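Reader: Could you take me through how a few features of a model like this one are read, giving the general idea before the particular case?

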Amino acid sequence: MNPLIILILFLTACSGTIWNHPYPRDDSGKNILYNAFAERPKHLDPVQSYSSNEILFTAQIYQPPLQYHYLKRPYALIPQTVDKMPVVQYFDVNGELLPAETDVSSIAYSVYEISIKPGIYYQPHPAFARDDQEAFLYHDLTRKDLREIFKLTDFSQTGMRELLAEDYIYQIKRLAHPRLHSPILGLMADYIVGLREYAETLRKEADAASKDAYFDLRKFRLEGVEWVDAYTYRIKIKGKYPQFIYWLAMPFFSPIPWEADRFYAQSGFAEKNITLDWYPIGTGPYMLTENDPNRIMVLERNPCFQGELYPSEGMPDDIENGLLEDAGKPLPFIDKIIFSREKEGIPRWNKFLQGYYDASGIGSDSFDQAVQLTGQGEATVTEVMQSQGIRLETAVAPSTYYIGFNMLDPVVGGRTKQEKQSARKLRQAISIVVDYEEYVSIFANGRGIPAQGPIPPGITGYREGEEGVNPIVYKWQDGRAHRRSINEAKALLAEAGYPNGIDAKTGAPLVLYFDVTARSADDKSILDWMRKQFRKINIQLVVRSTDYNRFQDKIRKGNAQIFEWGWNADYPDPENFLFLLYGPQGKAGNNSGNNAANYDNAEYNSLFEQMEKMEDSPEREQIIDRMVGMLRQDAPWLWGYHPKDYALYHAWYGNVKPNKLSYNNIKYLRIDPALREQKRREWNEPVIWPIGAGVTVLVLSLVPGVIAYRRRERKVELKRSAA
Amino acid sequence: MLNYIIRRVLYAIPILVGVNLITFTLFFVVNTPDDMARMHLGIKYVTDEAIIKWKQERGYDKPLLYNTEAEGAAKLTSTIFFEKSIAMFVFDFGRADDGRDIAHEIKSRMLPSLAIALPVFLLGLLVYITFALVMVFFRMTYIDFWGIVLCVALMSISSLFYIIGGQFLVGKLWHLVPISGYGNGLDAGRFLLLPIIIGVVGSAGANVRWYRTIFLEEMNKEYVRTARAKGLPESIVLFRHVLKNAMIPILTGAVVVIPLLFLGSLIAESFFGIPGLGSYTIEAINSQDFAVVRAMVFLGSLFYIIGLILTDISYTLVDPRIRLG
């Protein structure tokens with residue numbers, strides 16, 4: 001039979017099946033969530049992990065004492081492994097208990113008492129496996145024992161253990177572990193009593209101990225944490241630090257059993273990447289069962305997880321959006337999550353459209369294909385997306401992208417009082433001319449809102465409407481904010497001593513320097529746009545592009561003049577943004593500072609110190625308003641914009657409510673696998689005619705060659721016969 | 001030949017030391033150990049103590065090349081360069097800055113890289129040589145002319161276009177293969193089909209023209225005229241005599257790249273989601289991970305040297321006149 005006919009028959013027989021399915025066929029129709037990740041996580045040990053691409057995994061596995069309510073806004077903390085919110089007590093220098101409403105200055109330290117719920121268990125793990133005599137099976141392995149062990153699942157036995165208060169204490173001690181590098185040790189050492197001294201003690205002891213041996217932190221007492229009973233512990237904080245409660249919702253304060261550290265510290269484990277950084281151990285709804293961060297990471301339901309229910313309360317529109325239909329049902333809903341590594345946006349996007357990823361962000365390349373604006377300026381999915389049942393969810397991120405002025409610079413910061421006043425007018429003029437509405441529209445596809453100050457929406461201190469408008473840059477007219485005119489900016493510039501962009505003293509044109517990290521060719525248009533903004537008032541902007549290290553170096557030394565920066569909230573408190581302009585946080589000469597603009601205003605500093613120790617109250621809000629007002633007046637930043645995240649979800653994806661501060665949300669999500677399977681089949685029917693066409697073209701293209709070959713050979717044969 | 005190989009291996013040592021020194025210098029001109037620590041620890045809340053601790057832990061607290069405070073030989077040995085380089089010569093690559101074992105990482109990534117690179121190399125060689133010979137066979141005819149036009153067209157298109165275009169047509173429109181991904185064992189085949197075809201087609205233009213030029217040069221030699229004079233069919237002349245005699249330039253280009261196939265391809269692996277070694281060096285440069293950069297540069301140099309030695313050896317196999325002494 002002709003091979004072509006055989007091929008066509010084979011292809012016909014294969015019809016009805018999907019050929020481009022990127023997952024094992026056995027997984028079809030199962031309750032699995034498919035997700036993609038671009039950057040491989042570096043750390044999964046909660047003491048070290050601090051990146052958004054890592055918390056995506058760690059937040060599903062580890063359980064700090066608190067978590068954010070999934071549906072309520074503004075963001076609210078609720079218990080996770082604790083039975084009630086921690087009780088805070090204040091004490092004076094003599095250790096006397098103070099009343100709750102006491103004056104901040106008399107508080108020497110605060111004590112948080114945290115009681116966890118009994119009956120919470122860790123995921124099954126070989127570190128807990130014991131033999132008949134109750135001795136640990138895998139705590140004293142030799143290299144010979146490890147010969148057949150290459151990954152965690154190669155251990156045949158696992159065990160379970162109940163979560164205890166000592167596990168939380170152990171993890172707080174791990175913040176100071178001399179062989180781990182917790183990014184928050186410096187910060188927490190300022191607050192947790194004795195943590196700095198504890199780190200120093202551990203460093204000395206670790207130097208004396210063998211580098212490969214298990215370093216048992218339980219032997220060393222940390223003054224700032226106290227074991228009360230099996231389920232209760234206390235954390236002692238210097239003075240009053242109300243924001244500490246938010247840290248209790250971060251993976252840094254998750255429990256780690258000492259058995260895990262003991263297990264992973266054995267000789268030969270690290271060479272096989274069998275470490276806590278690679279194989280986390282938690283009490284959360286999911287456990288990591290496959291970790292190949294170059295290709296795939298798999299989370300599966302933790303069989304020991306129990307007791308958490310879907311929230312029964314939310315915001316008024318949550319009922320309308322069907323977000324409370326699962327109220328009171330046990331979590332999680334999804335059995336397994338497969339994260340596939342997709343480094344490039346194009347294949348990720350196409351696989352989303354084929355139904356192989358359940359959700360997707362929107363790259364600038366595919367924005368027009370996915371999103372359109374309604375007559376009212378509201379973003380919605382295009383008709384093509386609608387026909388596939390895809391829906392759009394948007395949320396403003398608690399982040400600020402800004403351009404900072406280095407206040408130590410003589411031109412934009414000023415040295416003398418008079419210079420400072422002139423520089424302030426210069427900054428105000430620039431604030432008016434850099435049109436962030438245009439920036440967001442051109443470079444972010446409208447995904448962002450121009451900032452009126454440092455505090456993003458959703459966080460106390462952010463104000464809507466007229467009262468939230470920055471009066472230096474905008475005027476409120478006809479019910480909306482209008483950017484002030486170029487003429488007003490020019491007037492401010494003249495008052496600053498630069499009429500029409502010329503230095504009145506020297507007669508030289510005003511030249512300012514914009515320090516940026518080395519940019520790709522794609523970013524050239526952004527820099528050109530920025531130059532154009534400054535040119536509106538005849539200021540020449542020179543872009544000084546350098547590599548990331550040199551840029552950081554300039555900022556640390558206070559040598560930059562104007563620079564780009566950004567900040568993502570750690571927690572939903574205005575303190576986490578206002579501290580970015582707190583004088584003692586100045587970055588120049590202070591590596592751990594976060595005030596890159598080196599703004600230092602005595603009154604602002606004083607208000608900040610007052611505000612950071614206050615609980616949320618109308619009085620605190622008044623102080624925040626005053627601080628924001630001062631910042632707007634001084635304009636140490638061009639306030640930039642708050643990015644708006646757009647994400648697309650397929651019709652089978654349920655219970656989605658964007659939550660930009662909480663990452664442990666997968667447990668609330670729901671999938672309809674049957675609908676997904678049906679849609680995948682509809683959308684991915686193989687088109688087989690191109691194979692037949694390709695084979696035909698190939699065969700036909702050979703024909704002239706064969707004919708020519710025969711003709712030539714015949715000619716040679718004839719010549720030979722003639723000869 | 002054994003003497004020759006031993007001599008070449010000994011020559012390789014100073015080359016590898018030199019490459020290592022250049023890599024070290026270039027890396028630390030751009031990145032200081034402090035920069036590396038900051039990159040690793042993040043930019044939020046990083047203290048000076050944390051940076052010092054990170055450097056101490058990883059041995060980056062010493063001078064780079066010369067330790068003025070040490071005594072005797074320690075002036076050279078108690079340096080970052082010496083301590084980080086010496087272990088590599090016994091293939092102890094150590095740990096990446098994120099604590100992961102580099103040798104383990106390289107081993108696990110090498111196979112997927114090879115799974116694309118080897119078929120592309122072998123299939124490519126077969127296809128390019130065959131097409132080049134066919135074009136030479138039909139030289140000065142319309143087949144040769146249109147073949148060259150096709151080659152120039154294929155050469156003029158960016159490799160990225162083949163990848164994106166191939167994914168769009170075959171994966172997205174026709175749904176014949178997965179757009180990207182990788183499977184275990186035999187399941188990997190359906191993921192590799194498209195990247196292999198694209199790899200072969202994408203390099204066809206330049207390679208077919210290159211082999212055609214080699215064969216045309218051979219066609220003008222006297223032994224070809226003799227073979228034709230003897231009345232041998234053109235196909236025999238080409239596929240038996242010309243091909244055999246053109247092996248030296250073919251091997252020069254082909255054998256040297258064989259060891260480098262292990263190192264993978266950056267763009268193809270990124271777009272097709274192949275978990276190979278292609279992006280390992282770039283990712284390490286971006287994250288300022290000197291341990292990985294130096295290991296990969298060392299491996300690259302080593303493989304290149306092995307490739308050159310293999311090329312020399314292969315000459316003796318195809319040309320009995322060549323003796324390695």
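Reader: Which strands does helix α2 of chain A lie across?

Author: Helices (H or I, at least four residues) and strands (E, at least two) are DSSP runs numbered from the N terminus, contact means that C-beta atoms, placed from the backbone, lie within 7 Å, and axes are lines fitted to C-alpha atoms, for helices over the stretch in contact, with angles from 0 to 180 degrees between N-to-C directions. Here helix α2 (residues 52-61) of chain A lies across β1, β9 and β10 (296-301) of chain A, and runs at about 140° to β9(A). This is a predicted model, in which local features need pLDDT of at least 70 and side-chain atom pairs count only at pLDDT 80 or more, while totals for chains, interfaces and linings use all residues. Residues are numbered from 1 along each chain as its sequence is written, and chains are lettered from A and ligands numbered from 1 in the order in which they are written.

Reader: What is the order of the strands in the open sheet of chain A?

Author: Two strands pair if DSSP finds at least two bridges between them. The four strands of this open sheet follow the order β1-β11-β10-β9 (chain A), and their pairing is mixed. Because β1 (32-37) and β9 (286-292) of chain A each have a single partner strand, they stand at the edges, and one side of each is left without a neighbour in the sheet. On average, neighbouring strands of this sheet are turned by 20° against each other, direction ignored. β1(A) runs parallel to strand β11 (residues 336-341) of chain A, and six bridges join the two; F37(A), for instance, has R341(A) as its bridge partner in β11(A).

Reader: Is H139(A) buried, exposed or partly exposed, and which residues does H139(A) touch?

Author: A residue is buried if 20 or more other C-beta atoms lie within 10 Å of its own, exposed if 12 or fewer, and partly exposed in between. H139(A), in the loop between β6 (109-115) and α3 (165-174) of chain A, has 16 such atoms within 10 Å and is therefore partly exposed. Leaving aside residues up to four places away in sequence, H139(A) touches R262(A) and F263(A).

Reader: How many helices and strands does chain B have?

Author: Chain B has 16 helices and zero strands.

Methods:
Two residues are in contact if their C-beta atoms, placed from the backbone, lie within 7 Å.
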